[in-house]
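Here are my notes on the model you sent. Please read them with the structure open.

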Amino acid sequence: MGQTLQYLAPTTSEDVQSAVQWALANEASLEIVGHGSKRAIGHPVQAAPTLDLSGLAGVTLYEPEELVFSAKAGTPLVEIEAMLAARGQQLAFEPMDYGPLLGEPAGRGTIGGVLAANLSGPRRLKAGAARDHILGISAVSGRGELFKSGGRVVKNVTGYDLSKAMAGSWGTLAVLTDVTFKALPAAETETTLALRGLYDEDAAAAMAMALGCSAEVSSAAHLPQNLSRSIAGGALAGDSATLLRVEGFAPSVAYRVEHLKRLFRNAGTIDEIAGEASQAIWRGIRDCAPFTDGTERPVWRISMAPAEAHRMVLALRMEAAADVFYDWQGGLVWLRLEADPEAALVRHLVRAFGGGHATLVRASPAWRAALPVFEPQPPALAALSSRLKHEFDPKGILNPGRMTLADRSANVDTAA
């Protein structure tokens, strides 16, 4: 393991264990990073030495017939997605790439970061998130102990599933060294219908109708007119676009698309977008491309009941200027504000319209240091999270302060 006082670069699980034990012995804290694509989410970490897991890379198991693979935590996600695509498979939960939104290059996320941030995408309500697809992990706790949980099969029910406890923990409970995920067959084809010219309220009604019919819509989203040009190379430029994705075998997709066209025959102009062009649209929705503008303007990721989202946004716009788009099937509202994150207002309105989770995913370092970036937990859940943190990392040496500034302990945000 190459190391200096400020930088630790493990290449094996034993190196990671040695690094954590070194930190304990020297009363030091560690900032855990892969390639740093999500480093700007959360409070600035209160640690000097960096534990860089980018050298802990490589796929260690891939059994396409069993739909399972294992990899070192620092393995780039793009390598895993390419491996799966070559065999007609995919990570069905479509983990987003935060890099471009945060001013980093695309394609730098790691498979360990996928679980640590509990990433998901526009199929969230149908396919779940990373925690729903993880099968097993190996990790090093803040006690300097190497442990394993889960296995290589879906039906592993021995004891509490610590693999899921790591989802959304943002490196505050343990340092992941190896992960095992299940894969799923990729759809043979996909087509997206874009209903043009709908306002937010009408779009919400249309998406609810589409998801409630027999067309088996796998993703739905709405881009207002001012944002429709901002994804897929401007393919949707012009009017607002209410997007409905249908996936599966080609004959089935064609039949279901026609069913949707009949259902919305009075809704106005409908564009039909297929194949790679459709995939590009949903990558843009997944990666929050409308707000990838090279600035630090505050961006909120709000998870709430989709039917209440446009009402919450209308109330917000009475108080503050905001750009917004809706990832309906992801259960998300994405908000971009001008300068002030308006944290108290945003969270008040989310509570007023049914509740949910609001995460400040982009802001200047000063704002991130001053505000609760992750949704504050109710007292009972906060107490449980604190006990869990103490069990895994009693000295608080792993990513201290990233999720909360209180006494260097971290919340576990499972809605990340």
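1. Accessible areas here come from the Shrake-Rupley method with a 1.4 Å probe, and for residues only the protein chains shown count as cover. On that basis the protein has an accessible surface of about 16800 Å², and carbon and sulfur atoms hold 54% of this surface.

2. This is a predicted model, in which local features need pLDDT of at least 70, side-chain atom pairs count only at pLDDT 80 or more, and totals for chains, interfaces and linings use all residues. Residues are numbered from 1 along each chain as its sequence is written, and side-chain values use heavy atoms, with hydrogens and water left out.

3. The radius of gyration, taken over C-alpha atoms, is 21 Å. A compact globule of 416 residues would have a value near 22 Å (the rule is 2.2 Å times the number of residues to the power 0.38), so the two agree. Along the principal axes, the C-alpha atoms fill a box of roughly 70 × 50 × 35 Å.

4. Among contacts (heavy atoms within 4.5 Å) with a separation of 6 or more, 72% link residues 24 or more positions apart.

5. Five strands form an open antiparallel sheet in the order β5-β6-β10-β8-β9, where pairing requires at least two DSSP bridges between two strands. β5 (59-63) and β9 (146-150) are the edge strands; each has a single partner, so one side of each lacks a neighbour in the sheet.

6. β5 pairs with β6 (residues 68-72) in the antiparallel sense over four bridges. Within this pair, glutamate 63 stands opposite valine 68 in β6.

How values were computed
Helix = DSSP H or I, 4+ residues; strand = E, 2+ residues; numbered from the N terminus.
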